[in-house]
Amino acid sequence: REGYFFVLDANGTVLVHPYLPQLVGKNVKELQGVEGKKFIQQILKTALERGHGYVTYLWPRPGEKNPQPK
């Protein structure tokens with residue numbers, strides 16, 4: 001498996017998450033990656049200001065413990 005997707009609304013509420021369905025309907029805007037970066041806020045800012053782009057952060061792949069660059 002190469003990766004997965006998740007869908008957020010403009011406020012940071014999860015609309016779709018294939019590996020963590022318990023997050024659907026929850027706001028994750030304050031979520032921090034392993035390095036302490038609030039990457040969801042950065043994703044939203046990039047998407048809303050530019051309409052596209054990249055945000056890098058560290059997060060474990062589904063089923064793994066060690067964080068991977070995303």
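**View 1. Asn-66 in the loop between β3 and β4.** Asn-66 is located in the loop that joins β3 and β4, where helices (H or I, at least four residues) and strands (E, at least two) are DSSP runs numbered from the N terminus. The model shown is predicted: local features need pLDDT of at least 70 and side-chain atom pairs count only at pLDDT 80 or more, while totals for chains, interfaces and linings use all residues. Residues are numbered from 1 along each chain as its sequence is written, and side-chain values use heavy atoms, with hydrogens and water left out. Asn-66 counts as exposed because its relative accessibility is 56%; buried means under 20% relative accessible area, exposed over 50%, and partly exposed in between (1.4 Å probe, protein chains only). Residues up to four places away in sequence not being counted, Asn-66 touches Pro-60 and Arg-61, contact meaning heavy atoms within 4.5 Å. Between the C-alpha atoms of Asn-66 and Val-34, 32 residues apart along the chain, the separation is 9.8 Å.

**View 2. Glu-64 in the loop between β3 (58–60) and β4 (67–69).** Glu-64 has a relative accessible area of 39% and is therefore partly exposed.

**View 3. Pro-69 in strand β4.** The relative accessibility of Pro-69 is 65%, so this residue counts as exposed. When neighbours within four places in sequence are left aside, Pro-69 is in contact with Tyr-57 and Leu-58. Pro-69 and Glu-35 are 34 residues apart along the chain, and their C-alpha atoms are separated by 11 Å.

**View 4. The aromatic cluster of Phe-39, Tyr-57 and Trp-59.** Rings of Phe, Tyr and Trp (its six-membered ring) pair if their centres lie within 6.5 Å; planes under 30 degrees apart count as stacked, over 60 as edge-to-face and the rest as tilted. By this rule there are 2 aromatic pairs. One of them is the stacked pair of Phe-39 and Tyr-57, with 4.0 Å centre to centre and 10° between the planes. Phe-39 belongs to helix α1 (residues 39–50) and Tyr-57 to the loop between α1 and β3, so the pair ties together parts that are 18 residues apart in sequence. Phe-39 and Tyr-57 are both buried.

**View 5. The second largest pocket, with a volume of about 210 Å³.** On a 1 Å grid over the protein atoms alone, a pocket is an open set of points where a 1.4 Å probe fits, with protein on both sides within 12 Å along at least five of seven lines; lining residues have an atom within 4 Å of a point. Grid points are joined across faces, edges and corners, and a volume is the space filled by probe spheres set on the points. The lining includes Ile-43, Thr-46, Ala-47, His-52, Tyr-57 and Lys-70. The lining residues divide into 5 nonpolar, 4 polar and 1 charged; Ala, Val, Leu, Ile, Met, Phe, Trp, Tyr, Cys and Pro count as nonpolar, Asp, Glu, Lys and Arg as charged, and the others, Gly among them, as polar.

**View 6. Leu-48 in helix α1.** With 57% relative accessibility, Leu-48 counts as exposed. Leu-48 and Asn-11 are 37 residues apart along the chain, and 10 Å separates their C-alpha atoms.

**View 7. Thr-13 in the loop between β1 (7–8) and β2.** Thr-13 counts as buried because its relative accessibility is 17%. Neighbours within four places in sequence aside, the contacts of Thr-13 are Val-7, Leu-8, Gly-25, Lys-26 and Asn-27. In confidence, strand β2 (residues 14–16) has the highest mean pLDDT among the elements of the protein (97), and β3 the lowest (88); pLDDT is the predictor's confidence in each residue, from 0 to 100.
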